[in-house]
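Please open the model in your viewer and keep the sequence beside it.

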Amino acid sequence: MDDHIKLLCDIGELNHLFRESMSVEDFMERTVVLVSQHLQTDVCSIYIYDDDEEVLVLEATKGLKAEAVGQVSMKLGEGLTGKALKELRPIVVSGASSDPSYKHFSGIDEELYENFLAVPITRGVVRIGVLVLQRKQKRTFSESDIMACRGVASQLANIIENAKFLMTLHTPKESHKVAKDISGLKFVRGRLAAEGYAHSPAKILDKDRTFELLERTSFDGELGLEDFERAVKITGEQLEELQSKVEEKLSDSASLIFASHLLILKDHEFTGQMRKRIESGVNAAEAIIQVARHYIDIFHSSHNDYMIEKTQDVEDLAVRLVSNLNSGSEELVDYAGHVIITKELFPSDILRLSSEGAAGVVLVSGGVTSHLSILARSLAMPTIIVNNSDLLEVPDGTMVLLDGYVGNLYVEPGEDVVKDIEERYHVHQHFREELPRTKEKTFTRDGKRIRLMANINLLGDVRLANKLNCEGVGLYRTEFPFIIRNNFPSEQEQVATYGKLIEAMGDKPITLRTLDIGGDKVLSYYRNARERNPSMGIRSIRFSLARQDIFRQQIRAMLVGGADADIRIMFPMVSSLEELRRAKAIVFECMDDLGREGAEFNSEPKLGMMVEIPSVVSMVDEFAREADFLSVGTNDLVQFTLAVDRTNENVEGLYQPYHPAVIRMIGAVARGASRARKPLSVCGDMAGMPCYVPLLIGLGVEILSLDPAFLPRVQKTIENVSTREAKKLARRVLKVAEAGEIAEILDVRDRGLGFETTGQV
Ligand code: PEP
Ligand code: MG
């Protein structure tokens, strides 16, 4: 007992010890020695909890192998140590290695110490770490051991919490990655964003880290001017090839994705400064990195968002140049044939990855209806979304299998899994190639005509839409040609883009939606105001009305490009009558201007709007009177009705198109459109999902606009239902007040369980 009392006195001195220590690490080392002496233990260790990564890392030990420090890590709840912190209580075990919660780490000799005591280090409910004591001999830990250990833990809590930020600076996060156990990651259930299949090596894409990693690399060997010139030449050729691949793939406004890299590469000052440094004896790789850093710092200090955005281009280019020096970092830019695992991507990044031949994408955050997913579908890039950031720890090169038909990911799959999924994939492929040629017109079983239109994101979608006999374009998301570029397209470029779509569609009706940027549709080159809540900020029609120069150019391009076509202009995200009226007035003003200029243009486009915001639903009669047509954007209507961010995986279980409030709103809009005798369509993702189609028809919707690939399945669904059955279904569903019950009735497969499945809290 004496020892315990002495210890409790000594720990009062911990603060003093801290002041004496050279560093936080030094302090913890002294502490573990002190505690193990007083409590006569063979081992005393301190684990610190990294709440960003949700992982406990061994930071100091007396007794375990010194190499284990910074390397041994475990998740909250994992092993006895993780369990103590998760449950916020001390855990005492004699015979630790046979305890079901025990987690074995090889090579640190922990198994020698069977008596185990773990005491959480906390401040209130804030988790800071764990103090672990271990003994070899039979002497188990007593109540007074626990009491003393608790005393130390509470002292440590204060000091460590204050010093934690210093420790993060001292220990680069990468070091924890080494030992991170990915054995629990054999199979990760995800959600399907864009169909497809890939069995390829993984590559983690962390844009922020790649350049930093290079900066921390020391380059051996002599890399001189000759190597540099060769790297510049190879880089130029690669960029030109990539640029032409993008143009081949997308004729939309001749995307300039790689052109700005080329431009920087050709800047004499940029490469000139590098040459100068190399001539003065600096290693070529280091010269590239130094000059790039200089540019990045200059761009960063700018107040202009466009300039800040350019830092990414400089980083990408520097990484590519260094890789091409044969400096041993070639794999940094090689995405071809890899499944890319990443946390964050701009839409232009997915385009870039697609041009570079990436095999698939795993996003560890985001939503299925997010615009990145929508773009991935247009690019036929197999993409899934998983809510598991541990995947970012998978070492590069690990084989993964992306099952983009169900939405799952297998890490290092066994042969049987690969065989099984490959077979399924071939069946799918066969089925896809043999896609039934959709009939030109679609009727319900009792002969009611339903029009099936296509949603077009990139011009590349048009071919499939036409092949499958769409009856026109119900939604052309014109923001994509804007998103995939590095600058705003000019009026003439837009005329050309819309002209191509119109030409490909012949005399079918085409709905051109005006720019719907904002929210998750970010223009990398335009971030004028940083908004705290961009989904509810200056977006869509609000942006267009605020930036009338851009809006007028777009309207003029639509009117001119669609001079001889059946075009409809649709305004997104309208929330008030004033907005609709103002937008319409601008279209008429543009017509007046074009008339004065003697241009040829369409003087009778129908002018309609999206219904995506609840305010429109409650005033649907007024809107239906003033708009020529309405189109329900269920993706946003669900988001705004239920206050559930469509891009946030933490609330994905609450993103419920089958929620009674949403269904009733669609019903109310259908009745409003019918009273005003205005055409109504649904163009959100619900329109392409067979489980909702009979209900939508029953609610009175006669036009559906969907991803072209889903046309056959939706046509088949319609042909199998009669209007009488559909109406009966709608009447039944409109009476139900619980989402789960509606999901049962509609047999919705891909559904969350509401609040029970919400993510991290
Ligand atoms: C919608 O919100 O349902 C819609 C079709 O528009 P977007 O998905 O482009 O926001
Ligand atoms: Mg929308």
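Glu-612 sits in the loop between strand 20 (606–611) and helix 22 (614–618), while Asp-636 belongs to helix 24 (residues 634–642), so the pair ties together parts that are 24 residues apart in sequence. Helices (H or I, at least four residues) and strands (E, at least two) are DSSP runs, numbered from the N terminus. Both Glu-612 and Asp-636 are buried, a word used for under 20% relative accessible area, with exposed meaning over 50% and partly exposed in between (1.4 Å probe, protein chains only).

This is a predicted model, in which local features need pLDDT of at least 70 and side-chain atom pairs count only at pLDDT 80 or more, whereas totals for chains, interfaces and linings use all residues. Residues are numbered from 1 along each chain as its sequence is written, chains are lettered from A and ligands numbered from 1 in the order in which they are written, and side-chain values use heavy atoms, with hydrogens and water left out.

Next, select Leu-630, which touches residues including Met-609, Val-611, Ala-673 and Leu-680, not counting residues up to four places away in sequence; contact means heavy atoms within 4.5 Å.

Then move to helix 4 (residues 79–87), where the buried residues are Gly-79, Leu-80, Thr-81, Gly-82, Ala-84 and Leu-85. These buried residues pack against several strands, among them strand 1 (43–50), strand 2 (55–62) and strand 6 (126–135). Just after helix 4, Leu-88 takes a positive phi of about 55 degrees.

Now show strand 9 (residues 196–205) together with strand 13 (residues 399–404), which run antiparallel and are joined by six bridges; two strands pair if DSSP finds at least two bridges between them. Within this pair, Tyr-197 stands opposite Asp-403 in strand 13.

Finally, colour the chain by pLDDT, the predictor's confidence in each residue, from 0 to 100. The protein chain averages a pLDDT of 84, and 85% of the residues score at least 70. Over residues 168–180 the pLDDT is below 50, although this stretch has 29 contacts in the model beyond near neighbours in sequence. Where pLDDT is low, the predicted coordinates should not be read in detail.
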